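Colleague: Let's go through this model term by term. I want to hear what stands behind each label.

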Amino acid sequence: MTPTLPADLVLMLLADARLPTAGHTQSAGLEPAVTHGLQSAEVADYIALRLRTVTRVEAATAVVALHHVRQGLPLDDVETAWAARTPSAALRATSRSMARAMLRVVRRLWPDDPSVRALAPGVSRAVVLAAVADACGLAPVALARLVGYDDVQTVASAALKLLPLDPADVSAWVLDALPLVDRLALEVAPLTLPGSIPASGAPQIEAWAESHAATTRRLFSA
Amino acid sequence: MPETPTTADRALRIGICGPVGTGKSSLIAMLCGELASTLRLAVITNDIYTDEDARYLRSAGVLEPERIRAVETGACPHTAIRDDITANLLAVDQLEEDFAPLDIVMVESGGDNLTATFSPALVDTQIFIIDVAGGGDVARKGGPGITRADLLIVNKTDLAPYVGVDPVLMVADASEVRDGRPVIALSRGDRASVTALTDWVQTQLVAHRSGILVPADPGPMAPHSHDDGTLHVHHEGDDAHQHAHS
């Protein structure tokens with residue numbers, strides 16, 4: 001535990017793209033979406049769509065995992081519930097690979113935290129974030145906001161690499177998405193049961209993720 | 001912390017860095033061709049589009065295709081070898097796990113500018129490569145890789161007459177800014193130069209295994225610090241500058 005640190009400072013650290021977690025390798029599915037015809041004017045809608053679907057699954061999983069960590073309950077059921085709601089093998093592989101990247105720095109930052117130490121190899125990113133939230137004393141709603149915000153910024157920064165955009169316009173889209181992030185966080189924050197994690201996948205995003213994993217010409221890992 | 005128990009137990013990690021088109025992939029293909037019969041090798045590439053370089057190396061047939069892996073950099077090749085080495089470190093770890101034991105893992109940077117160098121947390125030793133076709137003044141212009149990489153290669157010396165560059169002068173310029181660090185004028189047709197390169201690699205491997213190879217940081221342009229509290233600026237022709245960079 002690092003109880004003396006204010007939650008907002010911890011959130012800044014965790015949400016900062018400069019935290020070395022290989023965030024620059026991720027487009028949150030935007031690259032295959034653009035490959036399949038998504039236009040600049042549709043990026044804001046894409047962000048909102050993710051917050052209603054795949055990101056909602058991840059945020060809810062993180063919150064339920066945090067509850068399990070804090071209650072000393074096993075995480076296997078949470079992991080299984082997440083996997084069942086993430087039908088794309090490519091998306092699951094991406095989450096686990098991002099989890100490994102996150103784990104590397106998390107183990108350096110909170111080496112003695114029991115929740116961090118207990119993490120098994122191969123866990124999903126949501127479960128790693130839950131352990132970090134426990135280590136930092138974050139509330140469930142803050143953890144959910146972190147998941148949502150990170151997803152929005154991942155799409156936004158990848159959009160600048162993939163599409164002809166003014167960075168200031170993209171920042172405005174991020175600002176516009178913040179109320180959606182907050183609504184998502186407030187909705188999933190009370191969840192405690194694996195079965196209550198919403199099954200809100202997005203078949204098109206999942207199909208694009210699958211095709212992206214099979215291509216050999218890509219800028220972003222996923 | 002389980003942070004790299006003793007690095008001598010794992011493979012030597014060699015970084016290969018330098019501007020686009022200077023011959024990074026060809027250098028790796030050459031090293032594989034020369035060393036693969038006696039050493040267990042693997043390669044990580046960091047291309048703009050995932051696997052151009054990996055495909056080139058696989059098609060060169062110098063190494064089993066599965067020992068050559070590509071890492072995506074999200075159009076940030078500089079970041080992937082310097083500010084956030086996570087994706088590369090995970091890929092190196094995975095290769096070492098899949099093909100244990102390995103002797104050498106080579107990490108090829110995405111073609112970048114003269115300022116890109118590897119973090120010493122990613123590679124144990126690094127080669128910076130420039131070529132005569134880039135112009136005779138490149139070595140004199142300097143930059144962290146040219147002045148302080150563990151090895152500087154001036155490549156394609158066989159092309160020198162065609163591009164109006166004096167390779168002897170270019171190597172002399174390079175040597176002058178490098179405080180005695182090695183420079184090799186390389187041409188694939190020049191057997192002696194190839195041997196000089198493989199000898200250097202073998203020397204690094206011996207140093208790595210004996211635990212005396214300390215990764216050196218080419219560092220920023222200037223000034224730079226030496227982790228011992230000293231901070232200074234390099235000047236052109238600063239011949240008195242003879243300390244060890246560690």
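Colleague: What is the strand order of the open sheet in chain B, and how are the strands paired?

Modeller: This is a predicted model. Its open sheet in chain B has seven strands in the order S3-S2-S4-S1-S5-S6-S7. The pairing is parallel.

Colleague: What makes S3 and S7 of chain B edge strands?

Modeller: Strand S3 (68–70) and strand S7 (183–186) of chain B each have a single partner strand, so one side of each has no neighbour in the sheet. The twist from one strand to the next averages 20°.

Colleague: How do you know that S2(B) and S3(B) pair?

Modeller: Two strands pair if at least two bridges are found between them. Strand S2 (residues 41–45) of chain B and S3(B) have three bridges, in the parallel sense. That meets the cut-off, so they count as a pair. B:Ile44 stands opposite B:Arg69 in S3(B).

Colleague: Which helix lies across S1, S4, S5, S6 and S7 of chain B?

Modeller: Helix H9 (residues 191–209) of chain B. The strands it lies across are S1 (12–17), S4 (104–108), S5 (125–131), S6 (151–155) and S7. H9(B) runs at about 145° to S7(B). In total, chain B has nine helices and nine strands.

Colleague: Now chain A. Why is H4(A) called roughly antiparallel to H9(A)?

Modeller: Helix H4 (residues 54–71) of chain A packs against helix H9 (residues 140–162) of chain A at about 150°. Angles over 145 degrees count as roughly antiparallel, so the term applies to H4(A) and H9(A). Their axes are 9 Å apart, and the crossing is right-handed.

Colleague: Which residues make that contact?

Modeller: From H4(A), A:Thr55, A:Glu58, A:Ala59, A:Ala62, A:Val63 and A:Leu66. From H9(A), A:Pro140, A:Leu143, A:Ala144, A:Val147, A:Gly148 and A:Asp151. By class, eight are nonpolar, two polar and two charged.

Colleague: How many residues of chain B are in contact with chain A?

Modeller: 15 residues of chain B, against 20 residues of chain A. Helix H4 (residues 86–98) of chain B gives the most to that side of chain B, with three residues. The side of chain B has seven nonpolar, five polar and three charged residues.

Colleague: What share of chain B counts as buried?

Modeller: 46% of its 246 residues. To count as buried, a residue needs 20 or more other C-beta atoms within 10 Å of its own.

How values were computed: Residues numbered from 1 in each chain as written. Chains lettered and ligands numbered in written order. Predicted model: local features only at pLDDT ≥ 70, side-chain atom pairs only at ≥ 80, totals over all residues. Contact = placed C-beta atoms within 7 Å. Helix = DSSP H or I, 4+ residues; strand = E, 2+ residues; numbered from the N terminus. Nonpolar A, V, L, I, M, F, W, Y, C, P; charged D, E, K, R; others polar. Buried ≥ 20, exposed ≤ 12 C-beta atoms within 10 Å, placed from the backbone. Axes fitted to C-alpha atoms, helices over the stretch in contact; angles between N-to-C directions. Parallel < 35°, antiparallel > 145°, perpendicular 65-115°, else oblique. Left-handed = near helix turned anticlockwise from the far one by under 90°.
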